[in-house]
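These are my notebook entries on a single protein chain, written as I went through it one place at a time. I looked up the neighbours, the surroundings and the backbone of a few residues.

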Amino acid sequence: MAEKLKIDVLSLFPEMIEGPLGGSILGKAREKGLVDVQCHNIRDWTVDKHRKTDDYLCGGGQGMLLKPEPIFAAVEELRRPETKVVLMTPQGRRFCQPMAEELAMAGGHLIVLCGHYEGVDQRVVDRLVDMEISIGDYILTNGAIAAVVVIDAVARLIPGVLGDERSSVEESFSNGLLEAPAYTKPNVFRDMAVPEILLSGNHVAIAKWKLAQAKERTRQNRPDLWEAWLAEHPEDK
């Protein structure tokens, strides 16, 4: 994986991105220089006095569409040879952990374009965009919210961001299963005890218990993931 990732975000509402990414783990990673996130307002690349970024749909239809001119100007100014341009859109591929890993391993530079209104002019997609991403089958008010989700999921995979490198490996989706139940002190709380195996010090037995629990949790909560797991591990049928 790359040691540093540069992300330029293009949005009509950059303040919606700066807030969440300025605190907690991602905020500290930015301060340390492990992740460089710059948020830009698409309006900064408009040339008319009204700073217009949208217009009516050709052929009719409800809503407004982001115009191509400022987006092309922004991407062309920010783009590098290694840049990947990502568009947040309900029409994209559904975001998942392997996709986050793919973007993190690509390293270098990402431009994240946030859709708004009815989306962006198709010529932007055809000429500029390398990957279209959706975070789920629902509609948000704009793509800035979705962009925060993607940036967080990608940036936390950069070495040093989480502190303990095992954190991004021993969690849900890293091996196709949901994460096993987790416990901390006190060992007994309101008559609910931590499973004895976790206090045994037997790391081999604990690993087997965690795997069994992860399988059962995935079977109950995510039958889609469980079916995919069984396809690769028929011995668990």
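**Entry 1: Phe 95 and its surroundings.** I began with Phe 95 in this predicted model, and I listed what Phe 95 touches once residues up to four places away in sequence are set aside: Ala 100, Leu 103, Ile 133, Ser 134, Ile 135, Val 150, Ala 153 and Val 154. I then looked up the nonpolar core with the most members, and I found that the largest one has 35 residues, with Phe 95 listed beside Val 9, Leu 103 and Ile 133 as those having the most contacts inside it.

**Entry 2: how H4 and H6 meet.** Next I looked up helix H4, residues 97-106, and I found that H4 and H6 pack with their axes 8 Å apart and at an angle of about 65 degrees. Angles of 65 to 115 degrees count as roughly perpendicular, and H4 and H6 are therefore described as roughly perpendicular to each other. The crossing in which H4 passes H6 is right-handed. From H4 the contact is made by Ala 100, Leu 103 and Ala 104, and from H6 by Val 150, Ala 153 and Val 154. Looking back at Phe 95, I see that Ala 100, Leu 103, Val 150, Ala 153 and Val 154 are among the residues that Phe 95 touches.

**Entry 3: His 116.** I went on to His 116, which I located in the loop between strand S6 (108-114) and helix H5 (122-127). Is His 116 buried or exposed? Its relative accessibility is 12%, and because the cut-off for buried is under 20%, His 116 counts as buried. Leaving aside neighbours within four places in sequence, I found His 116 in contact with Leu 12, Phe 13, Leu 66, Thr 141 and Asn 142. With Thr 141 there is also a polar contact, in which the side chain of His 116 reaches the backbone oxygen of Thr 141 at 3.3 Å.

**Entry 4: Lys 67.** I looked up Lys 67 in the loop between strand S4 (64-66) and helix H3 (68-78). With a relative accessible area of 19%, Lys 67 is buried. The side chains of Lys 67 and Glu 69 are joined by a polar contact of 3.2 Å. When residues up to four places away in sequence are not counted, Lys 67 touches Lys 52, Thr 53, Asp 54 and Asp 55.

**Entry 5: Ile 25.** I found Ile 25 in helix H2, residues 24-32, and its relative accessible area of 38% makes Ile 25 partly exposed. Residues up to four places away in sequence aside, Ile 25 touches Val 161 and Leu 162. I also looked up Leu 140, which is 115 residues from Ile 25 in sequence and 25 Å from Ile 25 in space, C-alpha to C-alpha.

**Entry 6: backbone details.** In the loop between S8 and strand S9 (192-193) I found Arg 190, whose phi is near 50 degrees, a positive value in a residue other than glycine. Asp 191 is found in the loop between S8 and S9 as well, and its phi, near 70 degrees, is also positive in a residue other than glycine. At 69% relative accessibility Arg 190 counts as exposed, and Asp 191 is exposed with a relative accessible area of 78%.

**Entry 7: the whole chain.** Last, I looked up the chain as a whole, which has eight helices and nine strands. Of its 237 residues, 43% are buried. Its C-alpha trace spans about 70 × 40 × 40 Å along the principal axes. Among contacts between residues at least 6 apart in sequence, 75% join residues at least 24 apart.

Conventions: Residues are numbered from 1 along each chain as its sequence is written. This is a predicted model: local features need pLDDT of at least 70, side-chain atom pairs count only at pLDDT 80 or more; totals for chains, interfaces and linings use all residues. Side-chain values use heavy atoms; hydrogens and water are left out. A nonpolar core is a set of buried Ala, Val, Leu, Ile, Met, Phe, Trp, Tyr and Cys residues joined through side-chain atoms within 4.5 Å. Buried means under 20% relative accessible area, exposed over 50%, partly exposed in between (1.4 Å probe, protein chains only). Contact means heavy atoms within 4.5 Å. Helices (H or I, at least four residues) and strands (E, at least two) are DSSP runs, numbered from the N terminus. A polar contact is a pair of N or O atoms within 3.5 Å; within protein, one must be able to donate a hydrogen and the other to accept it, and residues adjacent in sequence count only if both atoms are side-chain atoms. Axes are lines fitted to C-alpha atoms, for helices over the stretch in contact, and angles run from 0 to 180 degrees between N-to-C directions. Angles under 35 degrees count as roughly parallel, over 145 as roughly antiparallel, 65 to 115 as roughly perpendicular and the rest as oblique. A crossing is left-handed if the near helix is turned anticlockwise from the far one by less than a right angle, and right-handed if clockwise.
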